[in-house]
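Reader: Hi, I've got a structure to go through. Can you take my questions?
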2 protein chains.
Amino acid sequence: MSYQKINFTPGPSQLYFTVEDHMKQAFRDGIPSLSHRSKKFESIYAEAVSGLRQLLNLPSDYHVYFTGSATEIWERTVQNLVEETSFHLVNGSFSKRFFEISEQLGKKAVKYEVASGEGFVDTLQVPPSTELIALTHNETSTGVSLPLDFIYSFRSKHPDALLVVDAVSSLPYPDFDYSKLDSVFFSVQKGFGLPAGLGVWMVNEKCLAKAEQLLAGGRSIGSYHNLPSLHSHAVKNQTPETPNVLAIYLLGKVVADMLRHSVHRIRKETEYKSILLYNTLKKHSDLKAFVKDERFQSRTVMVVDSGDLTEKVTKRLLEKGMQPGDGYGPARKHQLRFANFPTHAKEHFELLVDTLESM
Amino acid sequence: MSYQKINFTPGPSQLYFTVEDHMKQAFRDGIPSLSHRSKKFESIYAEAVSGLRQLLNLPSDYHVYFTGSATEIWERTVQNLVEETSFHLVNGSFSKRFFEISEQLGKKAVKYEVASGEGFVDTLQVPPSTELIALTHNETSTGVSLPLDFIYSFRSKHPDALLVVDAVSSLPYPDFDYSKLDSVFFSVQKGFGLPAGLGVWMVNEKCLAKAEQLLAGGRSIGSYHNLPSLHSHAVKNQTPETPNVLAIYLLGKVVADMLRHSVHRIRKETEYKSILLYNTLKKHSDLKAFVKDERFQSRTVMVVDSGDLTEKVTKRLLEKGMQPGDGYGPARKHQLRFANFPTHAKEHFELLVDTLESM
């Protein structure tokens, strides 16, 4: 193998360290040309789903479906779970995109927007008729993470709305109480350290019932990837279309590796590594955390205000074998982003903070 | 490498023989964790598209977009190219699914259906108001292929309708005159011999204009994967979402391999191999071609009426290292399917026909 950098970009990110070996085994076992209607595929599908259930402690009334991307899940969520109105907490580019997709699909999408890098106040008002409340647990563009209690508070205040959480760049770190949520989704190229090309959509029975209700009312909820179609195939451990079989296989293998390591340890290590970086930023004279309010500082995507030093820091990190993530969009000139996913070792973070401290 | 069977299933099928080496190189070069907003990704995207243009002799007014599957392209086609009415030539499970998706999306979908294994008569009537005519070049479930002249005949008779061709299990074999068509699509796990998880959608300017017209008229044409969104990203060699980067990389590499081999040779070899099998079936006392009319016999997916011998033939082929494809759906008990893709060698087909002749 050639020398490779430690990849701190927030996604696609550093591969989970076992992925290359699993890919080799996949070729030895004929997985890349396996029929998606075979018994062997069904067992691969079942292994990935049961592993995820265990890793995330998913309640039995939750179902797991596969799509092409988390972007697709934004669209399918709106198609299947919104008749008229959705409400979006917007604090960056990705939460905004979810809002825009609802508008594009002809819904009355309402947003509550705060400035980049900010969290939300507990007193924000949701319109009473809202069918769906969309929250982005971890805004990948700004490094703002929403506290779990804040997310759960919408459940008691709006028990009739479906509570949907985009956890694209945070899972498997957050220990969600899924009984207080209705739908959670992610894509595999971030915290799970897999090649891009698979979205994972987890929904409870209330979501299925809503999609069925829209369908019975004559609404179009899409075709092959509407919830009833995804569900009728999932109960057979199948997908409506020929899916990204390799990605489902690799997901199952990596989830099994994570279970062996223990998700509790993954969570403790994530916190430890994030503290290393945030402590360094607190003491640093020039490099600062972009998110000021500690309650909203993400553990999994940390954004650094690097100002005029951006280019110099990038160069130094690359020399030491580390690839930082650019700031998102226009922030690329004065910010850097650092993913803190399960595959990033403590030693990677120690090298990172040593390098930043020396500047 | 462990011993592997020659896979004649029509898809996912036998990998193109260079795929495993390309996958190893991809890992050496960090492709699985490459950012889809990087210059390197843009060059990978450009390489895949320019290779396809050359391989398929695609006119310059055609654009190439990537989706998660060909199933997704059925849905996107209807969303973006049909305001009210689509017309479908149905002669098997896959052409029927395209028709059903149009219905599910609330369109007035009209079908002209013939029995399984049959072709169509030249005199079939298309309703005058049809906006889109959907043809399946190669019906994977039955092994019926439509002659190119038959397909082109719709162009002169219905110049105002968009002519859309599902070439999922035939490309790169057919030498289409794309100037007589408006949209052609395929998925990579069949003729291109790649792992599943990528659809390739080729459209001309008329399709783009139609989508823009529907959008301007206030119609919802989807969100991230509507044609204007796919197009605005494609001109930058990018995709709206984080795509299956590995699959786009592998597609570019395999297309380059096919260009080195020459598409002309691929076509001649495909014809030669298909003649081997059809000639064997003509002479065989028990095994017969399911498609009786030679004008409609597919070169790329050949279906054999194996009747009571189905189990015995399957067992014998497996003993000799060959995996036949099951008959589709209820036909699995009395039919077998054999893919004839570029990766299937003449020697594979010689071994196949020798084995069938001995039974």
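Reader: What is Met202(A) in contact with, leaving aside its neighbours within four places in sequence?
Author: Contact means heavy atoms within 4.5 Å. The partners of Met202(A) include Leu56(A), Leu58(A), Tyr62(A), Leu171(A), Tyr178(A), Val184(A) and Phe186(A). This is a predicted model: local features need pLDDT of at least 70, side-chain atom pairs count only at pLDDT 80 or more, and totals for chains, interfaces and linings use all residues. Residues are numbered from 1 along each chain as its sequence is written, and side-chain values use heavy atoms, without hydrogens and water.

Reader: Which residues touch the most other members of the largest nonpolar core?
Author: Met202(A) and Met202(B) do, in a core of 183 residues. Such a core is a set of buried Ala, Val, Leu, Ile, Met, Phe, Trp, Tyr and Cys residues joined through side-chain atoms within 4.5 Å. Buried means under 20% relative accessible area (1.4 Å probe, protein chains only).

Reader: New topic. How many residues of strand β8 of chain A are buried?
Author: Five of its five, residues 162–166. Strands are DSSP runs (E, at least two residues), numbered from the N terminus.

Reader: Which way do they point from β8(A)?
Author: Leu162(A), Val164(A) and Asp166(A) point one way. Leu163(A) and Val165(A) point the other way.

Reader: And what does β5(A) do with β8(A)?
Author: They pair in the parallel sense over five bridges. Pairing takes at least two DSSP bridges. Leu132(A) stands opposite Leu162(A).

Reader: Where do the two copies meet?
Author: Through the same surface, because 100% of the interface residues of chain B are also interface residues in chain A.

Methods:
Chains are lettered from A and ligands numbered from 1 in the order in which they are written. Buried means under 20% relative accessible area, exposed over 50%, partly exposed in between (1.4 Å probe, protein chains only). Helices (H or I, at least four residues) and strands (E, at least two) are DSSP runs, numbered from the N terminus.
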